[in-house]
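Subject: Structure handover

Hello,

Please find below the structure I said I would pass on.

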Amino acid sequence: MPAIRYYDLRHVTGQVTHIDIDNGVVESAGTSFFNKAVLRVLTATGWGILQIDNYFPGKRKFDDLLAEASRLANITEERVTLGDAAGGVLPIPPMREDPRDVDIEEKSSLLAGIEAAAVDPAVTNRRANYIERIERIHFSDSSGIEYSYELCRSGFNVLAVASRNGNVQMGYEREHSIHGFNLRHQEDLGRKAAGVAVALLDAKPVKGGKMRAVLDPELAGVFAHEAVGHASEGDLVAEGSSVLKGKIGTKIGNEILTIVDDPGLHEFGFDPVDAEGVGVRRTEIIRRGIINEFLHSRESLAKVGNGVAGHARAMPGEPPLVRMSNTFIEAGDSTEQEIFEECNNGIFLKGSRGGQVDPGRGIFQFNAEYGYLVKNGECTTMVRDVSLSGEILTILHGIVLLGDDRRMSQGYCGKGGQSVPVSDGAPHVLLLDAVVGGSGVD
Amino acid sequence: MRWWVAVAWIDEVIREAEKTVDEVEVYSVEGRSVSAELKQKKINLATISEDVGIGIRTIRQGRIGSSSTNNPADWKACLKAAIASGELATPHQWGGLPDPRPLPGAPLAFDPSMHVEPSVARDFLARMLSAAEEHEADITGGSAGLSTATVTLANSRGIRYTDKRSGISLSLEAIHNQSTGYEFDHSSFVDEVDPETVGERASFFACESAGGNDIPTGNYDVVLSPLAYAELLGGVFIPALNGRSVHAGRSRLAESLGREIMGPGIDMYDDPLLLHASGSVRWDAEGTETRRIDFVKDGILKNFAYDLKTAYRYGKQSTGNAVRGNFGVLPSIGHHNFVVGGKRDAIGDEPVVYVHNVVGAHTANPMSGEFSVEISNSFHANGESFETPIRSAMLSGNVFEMHKEVVGMSKKTRTIGSMIVPSIKLRDQQIIGW
């Protein structure tokens, strides 16, 4: 059996409560339970990992589990070094109202109110979902670090679909939080979803090309996530899968631009400690236009340097990966009006349907929910189905104005088959020479 | 039967549930998988995963409840949660869970020779790496995984079905001068994956795509590889065939039954009984016997997909299209092996833009079908014969309209997840150059 240099065990138990309301009908509602653990063992030649469903301490001898994991390392062939990193667990922010104190009938009734608010003669379908996920995490490692905490994330989505003569459009709003129950007094978001869906029936597809673009805080946050965040993940840098490899100290954007990932921020991507027991810290990926630090796990820190560990995250029962948490562009000092005036003629893009990046190639794409053509600094015609694509190493020079109004939006980010809660944010941003994709014609 | 002894506790769940509810269904999964991952050319980690879980669904006076747990021994709490959840659900028209049928027992997607061992994964990685050396790209990562699982479905009408499944999946990533290549393969049968092709193609695409030129904005004839096509098909078109979406007003195809929605010569169907296809299964996630469902025949929309709940609600028949992503989620409408067929002769050798992959397909509008995606590993080509690489560009269009512009499909198909699709050639597509 290969000798064990290090091990850690992350055991997560919890429950998920969901409610799904579709056109006024409670399709399903209820609670499910999970219990998952991951044991990582590091030998002289690499990692052996056991992923165990239904883990109970003592059910099998821990030494036997260690032995089984270390035998896996018989096939591994890389000497892995772990960088030094300080531990420490941040306090969990108190919830304004614990969802567990609200019975599911009341949750269902409140969600139904949000869904019903999306009513409109042109709306053919309304759907609202509530999700509440409580995780109890216990971590211990061979160096004696041990911690436990419990975190509850909850929130809702509301979708409205409007339809006219075969033209089908949708409006989608969501709000998720670590600060407790958030279903009360949210009918406005139902109305907003319906309003957007109905308005989009008359929106035009945009004609693609290069143009000036104003991004709203939600979309600019996704931009930071896709265009910069992924490429700064230390595991990708170490593998040679990031165009930012070897670029520390390189000027990549204007001096106004600072992009940060901060797992300690009390937003949806909050982690009080990372998934390998490392204390979390604000990391300035880009500081005043210059590539400054990468996001790291202990392993990628040792391989690459230039940054801090504390960015390892994992789904229950899965091995940790280097991930973003709360990623944002720091606010600037321009007003929204100044940004639109400077844009003059271009496009204003709002909301996000997500994005994707090929960090090795340095190319990303992301999609707005809708937008408006900007003429003489004013929003005019509504447009739909607009995408942006760009090159990581050049596009940031195009960010020339930043608003003073940063806001964060919640979502989930996928990598390596794992999906973790994140938030992205930014102020309003003016981007020159944006490559805009759309199927419109003159 | 011997296998049933291992899950005899399920009978206990059913007896207990029947004291309170009209019907009950138990879905249980137990599996084991191993995987090995490369960091560049070296195996950095090896994993064994032991998966277990049960999902319980109860029905009382049309109210459907559900719950799940990783701990089968804790089924009493799970059953209680399922019954409680049913009390919250709006009652539906419900005609009962399926009765048992004398289905053949032999699994369709299980390879008894699949050895779920780390050394097997290691050997596949070595074969991919060796084949990748044909081109001078650097390997950045890769993985090989093997799995087997036993799925059991039981209900209070007497169904006691079990199925064994197996799987192998391979992938390799490469880079050459800021040009990336990715290739993968998967199958239920260990001898049916091709690690040499995965390795060679990953490094080929990285090398061959390097040094690409810009393309002027304009309209071009385009060939989408099976991979690029499947990305757009899976996220937008297939969900629009979901009977639930159709009746709920979330499908653009809702009013199109019986109409021509794409060029003649194109068929789309779900074939759950295809030999050696990884989605093949004789009964769906609710125990309904599966059969081939023709969604599109010669360009005409013929059918939508239904599960029991949606069928009962709208006066239809289940098409055997209930699937479960995992034990923890309720059955929903999906497909088993979605095949694009029809007149597949050839792509021809005329000048086209060949698109091997796209970035951002999941951002397409699932209602309207509009999309604008970044193309990757794209070439000026004559048919499927590559000439010069294209650096970057966006492809814009509409997944529904695009099917009216199909002018050719390749003879050869490829399995991408649960889709079996050819390359397709499209006339006059909009490309936005950088």
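**A helix in chain B and what packs on it**

The buried residues of H6(B) pack against strands S7 (218–224), S14 (351–359), S15 (370–382), S18 (406–416) and S19 (419–433) and against helix H9 (399–402), all of chain B. Helices (H or I, at least four residues) and strands (E, at least two) are DSSP runs, numbered from the N terminus. A residue is called buried if 20 or more other C-beta atoms lie within 10 Å of its own, exposed if 12 or fewer, and partly exposed in between, with C-beta atoms placed from the backbone. H6 of chain B covers residues 226–237, and nine of its twelve residues are buried. Among them are B:Pro226, B:Tyr229, B:Leu232, B:Leu233 and B:Phe237.

**What kind of model this is**

This is a predicted model, in which local features need pLDDT of at least 70 and side-chain atom pairs count only at pLDDT 80 or more, while totals for chains, interfaces and linings use all residues. Residues are numbered from 1 along each chain as its sequence is written, and chains are lettered from A and ligands numbered from 1 in the order in which they are written. The predictor gives an ipTM of 0.93 and a pTM of 0.94 for the complex. Chain B has an average pLDDT (the predictor's confidence in each residue, from 0 to 100) of 95, and 99% of its residues score at least 70.

**Chain A as a whole**

Chain A has eight helices and 24 strands. Its C-alpha atoms fill a box of roughly 70 × 55 × 35 Å along the principal axes. The radius of gyration, taken over C-alpha atoms, is compared with a globule rule of 2.2 Å times the number of residues to the power 0.38. For 442 residues a compact globule would come near 22 Å, and the 23 Å of chain A agrees with that. Of the 442 residues in chain A, 56% are buried. Two residues are in contact if their C-beta atoms, placed from the backbone, lie within 7 Å. Among contacts in chain A between residues at least 6 apart in sequence, 74% join residues at least 24 apart.

**A sheet in chain A**

Two strands are said to pair if DSSP finds at least two bridges between them. One open sheet of chain A has six strands in the order S11-S10-S9-S16-S23-S22, with mixed pairing. Strands S11 (290–291) and S22 (407–415) of chain A are at the edges with a single partner strand each, so one side of each has no neighbour in the sheet. S22(A) pairs with S23 (residues 418–426) of chain A in the antiparallel sense, over nine bridges. Within this pair, A:Cys413 stands opposite A:Val420.

**A hairpin in chain A**

S18(A) and S19(A) form a hairpin with four residues between them, and A:Gly362 in the turn has a positive phi of about 80°. The pairing of S18(A) with S19 (residues 363–375) of chain A is antiparallel and has four bridges. A:Gly355 stands opposite A:Phe366 in S19(A). In a regular strand the side chains alternate between the two faces of the sheet. In S18 (residues 355–358) of chain A, A:Gly355 and A:Val357 point one way and A:Gln356 and A:Asp358 the other, and all are buried.

**Where the chains meet**

How many residues does each chain bring to the contact? Chain A gives 67 residues and chain B gives 70 residues. Strand S2 (residues 25–43) of chain A supplies the largest share of the chain A side, eleven residues. Strand S3 (residues 46–53) of chain A and strand S2 (residues 42–60) of chain B run parallel and are joined by six bridges. A:Leu50 has B:Ile48 in S2(B) as its bridge partner.

**Two single residues**

A:Tyr7 is in strand S1 (residues 6–22) of chain A. A:Tyr7 counts as buried because it has 21 C-beta neighbours inside 10 Å. Leaving aside neighbours within four places in sequence, the contacts of A:Tyr7 include A:Leu39, A:Val41, A:Leu66 and A:Asp141.

B:Phe204 is in helix H5 (residues 195–208) of chain B. B:Phe204 is buried, with 22 other C-beta atoms within 10 Å. Not counting residues up to four places away in sequence, B:Phe204 touches B:His135 and B:Gly181.

Regards
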